[in-house]
Amino acid sequence: MIEKKLFLLRHAKSSWKNLELDDHERPLSERGIFSCKVMATHIFKKLNFKDISIFSSNSKRTQETCKKIFKNSIKVNFESELYTFNFNDLIKWIKKIKINKNLMIVGHNPALIDLINYIAKDKIIKFPTCAFCEINLYINSWSEIKKNTGEIKELQLVKRLKSYNYKNE
């Protein structure tokens, strides 16, 4: 059995300043932009991107999260199918993917937290904005992903990073 890694990143905090905007079009807030810079440092210290394919929801806030974290130095594939709040949609999408690399998805709650709690043996209570999770899966291909096939290797909340100090929060 080959170990695959699934990395999940929730978009950073979005702005609610303009209540007339469609949900898909909400940008990042000032705090979200700050959080991206902090999480980017953590992610770049940790990951080797040559063996990871990154896919993201195509919402404005996930695109901005990717731009702030990956700084256009790493290819991100934006997919309308990943603009979902239902983990079953994510499972179906993952099962169809035909890559041998490890996978990173940048997306939304409750889909991400529900996905983590479905595939990982350990359960989590919260997955706030700009949170990062690494799950080890013992599968040969992404089509084999199913309930309780993974183990959480890391769960990192941006506010728990040492360098996080947004306006004395």
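**Helices, sheet and loops of a predicted model**

Me: Where is the place of serine 163?
Reply: This is a predicted model: local features need pLDDT of at least 70, side-chain atom pairs count only at pLDDT 80 or more, and totals for chains, interfaces and linings use all residues. Residues are numbered from 1 along each chain as its sequence is written, and side-chain values use heavy atoms, with hydrogens and water left out. Helices (H or I, at least four residues) and strands (E, at least two) are DSSP runs, numbered from the N terminus. Serine 163 is in the segment after E6.

Me: How far apart in space are serine 163 and lysine 37, C-alpha to C-alpha?
Reply: In sequence, 126 residues separate the two. Serine 163 also touches Phe34 and Val38, not counting residues up to four places away in sequence; contact means heavy atoms within 4.5 Å. From C-alpha to C-alpha, serine 163 and lysine 37 are apart by 9.8 Å.

Me: What is the order of the six strands in the open sheet?
Reply: Two strands pair if DSSP finds at least two bridges between them. The pairing here is mixed. E3 (76-79) and E6 (150-156) each have a single partner strand, so these two stand at the edges. The order is E3-E2-E4-E1-E5-E6.

Me: Which residue in E3 is the bridge partner of phenylalanine 55?
Reply: Strands of a sheet pair through backbone hydrogen bonds, either parallel or antiparallel. E2 (residues 52-57) pairs with E3 in the parallel sense, over four bridges. In E3, the partner of phenylalanine 55 is asparagine 77.

Me: At about what angle does H1 run to E5?
Reply: Axes are lines fitted to C-alpha atoms, for helices over the stretch in contact, and angles run from 0 to 180 degrees between N-to-C directions. H1 lies across E1 (3-10), E5 (132-138) and E6. Its angle to E5 is about 30°.

Me: Are H1 and H2 parallel, perpendicular or oblique to each other?
Reply: The axes of H1 (residues 30-46) and H2 (residues 60-70) come within 8 Å and cross at roughly 50°. Angles under 35 degrees count as roughly parallel, over 145 as roughly antiparallel, 65 to 115 as roughly perpendicular and the rest as oblique. H1 and H2 are therefore oblique.

Me: Which class does the ring pair of phenylalanine 44 and phenylalanine 70 belong to: stacked, edge-to-face or tilted?
Reply: Rings of Phe, Tyr and Trp (its six-membered ring) pair if their centres lie within 6.5 Å; planes under 30 degrees apart count as stacked, over 60 as edge-to-face and the rest as tilted. Phenylalanine 44 lies in H1 and phenylalanine 70 in H2, so the pair ties together parts that are 26 residues apart in sequence. The centres are 6.5 Å apart and the planes stand at 55°, so the pair is tilted.

Me: How are H3 and H4 set to each other, oblique or perpendicular?
Reply: The axes of H3 (residues 87-96) and H4 (residues 111-119) come within 8 Å. Phe87, Leu90, Ile91 and Ile94 of H3 make the contact with residues of H4 that include Ala111 and Leu112. The axes cross at roughly 65°. H3 and H4 are therefore roughly perpendicular.

Me: In which loop is proline 110 found?
Reply: Most residues other than glycine have a negative phi, and most peptide bonds are trans. The bond from asparagine 109 to proline 110 is cis, with omega near 5°. Proline 110 is in the loop between E4 (102-107) and H4.

Me: In which loop is asparagine 72 found?
Reply: Asparagine 72 is not a glycine, although its phi is positive, about 60°. Its place is the loop between H2 and E3.
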